[in-house]
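Here are my notes for someone opening this entry for the first time. Have a look at the picture, then read on.

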Amino acid sequence: MNKGILNHATGDQVELFLLIKHSAKGIASNGKPFLTLILQDQSGEIEAKLWDVSDEDENTYCAENIVKVQGDIQNYRGRNQLKIRQIRPASAADSVKLSDFLETAPVSQDEMSSKLTQYIFEMKNPNIQRITRHLLKKHMKAFMEYPAATKNHHEFVSGLAYHVVSMLDLAKSIAALYPSLDKDLLYAGVILHDLGKVFELSGPISTTYTIEGNLLGHISIMVNEIGKAADELGITGEEVVILQHMVLSHHGKAEWGSPKPPMIKEAEILHYIDNLDAKMNMLDRALARVKPGEFSERVFALDNRSFYKPVFHK
C-alpha cells in the first residue's frame with residue numbers, strides 16, 4: 001500500500017490511487033475550462049487542478065470516483081498541491097474500493113456505541129433519558145456513520161459519533177469538578193446537540209449540505225425532532241423546553257448560528273465543550289501535517305492563524 005498523500009513532501013513524485021472528494025469547474029484566464037479537484041485517501045486530502053477539460057472530463061472526474069494519478073507535490077501559497085501529469089479513472093482490474101480511501105474515526109463504531117449506551121444508562125431523569133434514547137435509536141445508523149461537518153472539524157466517517165463521545169468524556173470530567181451541574185442535562189445536550197446533522201448533511205462520502213440543511217440547519221431541525229419525540233412518548237414538562245434550549249443555544253451567539261444565547265448553566269458549559277473538542281480536532285489535524293520546528297497551514301476556523309509545532313514535541 002502506498003503511503004498516504006499527506007505523508008508526501010514538496011518535490012515528491014507520486015503515482016497512486018485517490019478518491020475525488022469534490023470537483024468544481026472554473027474558467028482560466030485564457031478562457032478555457034478547468035477543474036479544481038479535492039483528492040483524498042485515508043491520510044487526508046490535497047487540492048489539484050485539471051486544465052483544459054472537456055465536458056466528458058467533467059463527467060468522468062466528478063465526486064465519489066476513484067482515479068489513478070501521476071504527478072508532483074508542489075507548494076502553492078504555503079499549502080501542498082498536487083500537480084497532475086497523468087490521470088485516469090480506476091477500473092475493475094485495479095481492485096480498489098471506496099472504503100480504502102475514506103478517513104475514519106480512530107475508535108471503532110462498536111466501542112462508541114457501547115459508550116453512548118452507558119452514558120444514557122447513567123441518566124437518572126426518566127424524561128430526559130427517554131427522549132435521548134428514543135432519538136438516538138431512531139437515527140442510530142446515520143449517527144454512527146456521518147461526519148460532524150463538511151470541513152473544519154471531524155469531517156470523516158463516524159466523525160459525528162466520535163465528536164459526541166469525546167465531548168461526553170469531557171462533560172464527565174467537568175461535571176466531577178463542578179458537582180452543581182446536572183449531568184443528565186449535560187449528557188443529553190451533548191448527545192442531541194448535533195444529531196440534526198443526519199438531516200443537514202448528505203452522508204459520509206463527499207459530504208454536502210442537503211436542501212433541509214441549507215434552508216433549516218441542524219439546530220432548528222433538532223428542536224423539532226425533540227418536540228416530536230416528546231409528543232410520541234407522551235412527555236410533557238419543563239425538560240422538553242430545556243433540552244430544546246440546549247440544542248438551540250449550543251453555538252453560543254446569534255452570529256455563530258444560535259437563535260438564543262445559553263441561558264442555563266449546562267447550556268453554557270455545552271457550548272464550551274463543543275467548541276473545545278472541535279478546536280482540538282482542528283489543531284491536531286493541522287499539526288499532524290507538519291514536522292517539529294515548522295508552522296502549520298493557516299487554519300481558517302481558528303481566525304486564520306498558523307500554529308507552530310515546538311521542536312521538543314515528538
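1. Let's start with overall size. The protein chain has 314 residues, for which a compact globule would have a radius of gyration near 20 Å; the chain comes out at 22 Å, which agrees. That radius is taken over C-alpha atoms, and the globule rule is 2.2 Å times the number of residues to the power 0.38. Along its principal axes, the C-alpha trace spans about 65 × 45 × 40 Å.

2. A word on what you're looking at. This is a predicted model, where local features need pLDDT of at least 70 and side-chain atom pairs count only at pLDDT 80 or more, while totals for chains, interfaces and linings use all residues. Residues are numbered from 1 along each chain as its sequence is written, and side-chain values use heavy atoms, with hydrogens and water left out.

3. On to secondary structure. You'll find eleven helices and five strands in the protein chain. These are DSSP runs numbered from the N terminus: H or I over at least four residues for helices, E over at least two for strands.

4. How is the chain divided? There are two pieces, domain 1 (5-100) and domain 2 (109-285); such bounds come from an automatic or database domain assignment. The contact takes five residues from domain 1 and four residues from domain 2, where contact means heavy atoms within 4.5 Å. Taken over C-alpha atoms, the centres of the two domains are 35 Å apart.

5. Next, contacts along the chain. Among those between residues at least 6 apart in sequence, 56% join residues at least 24 apart.

6. The chain exposes about 16500 Å², and carbon and sulfur atoms supply 53% of that. Areas come from the Shrake-Rupley method with a 1.4 Å probe; for residues, only the protein chains shown count as cover.

7. Two backbone spots deserve a glance. Asp-52 has phi near 50°, a positive value in a residue other than glycine. Look for Asp-52 in the loop between strand 3 (44-50) and helix 1 (55-60); its relative accessible area is 46%, so Asp-52 is partly exposed.

8. The other spot is Asn-304, not a glycine either, with a positive phi of about 60°. Asn-304 sits in the segment after helix 11 (265-288) and is partly exposed because its relative accessible area is 34%.

Technical notes: Buried means under 20% relative accessible area, exposed over 50%, partly exposed in between (1.4 Å probe, protein chains only).
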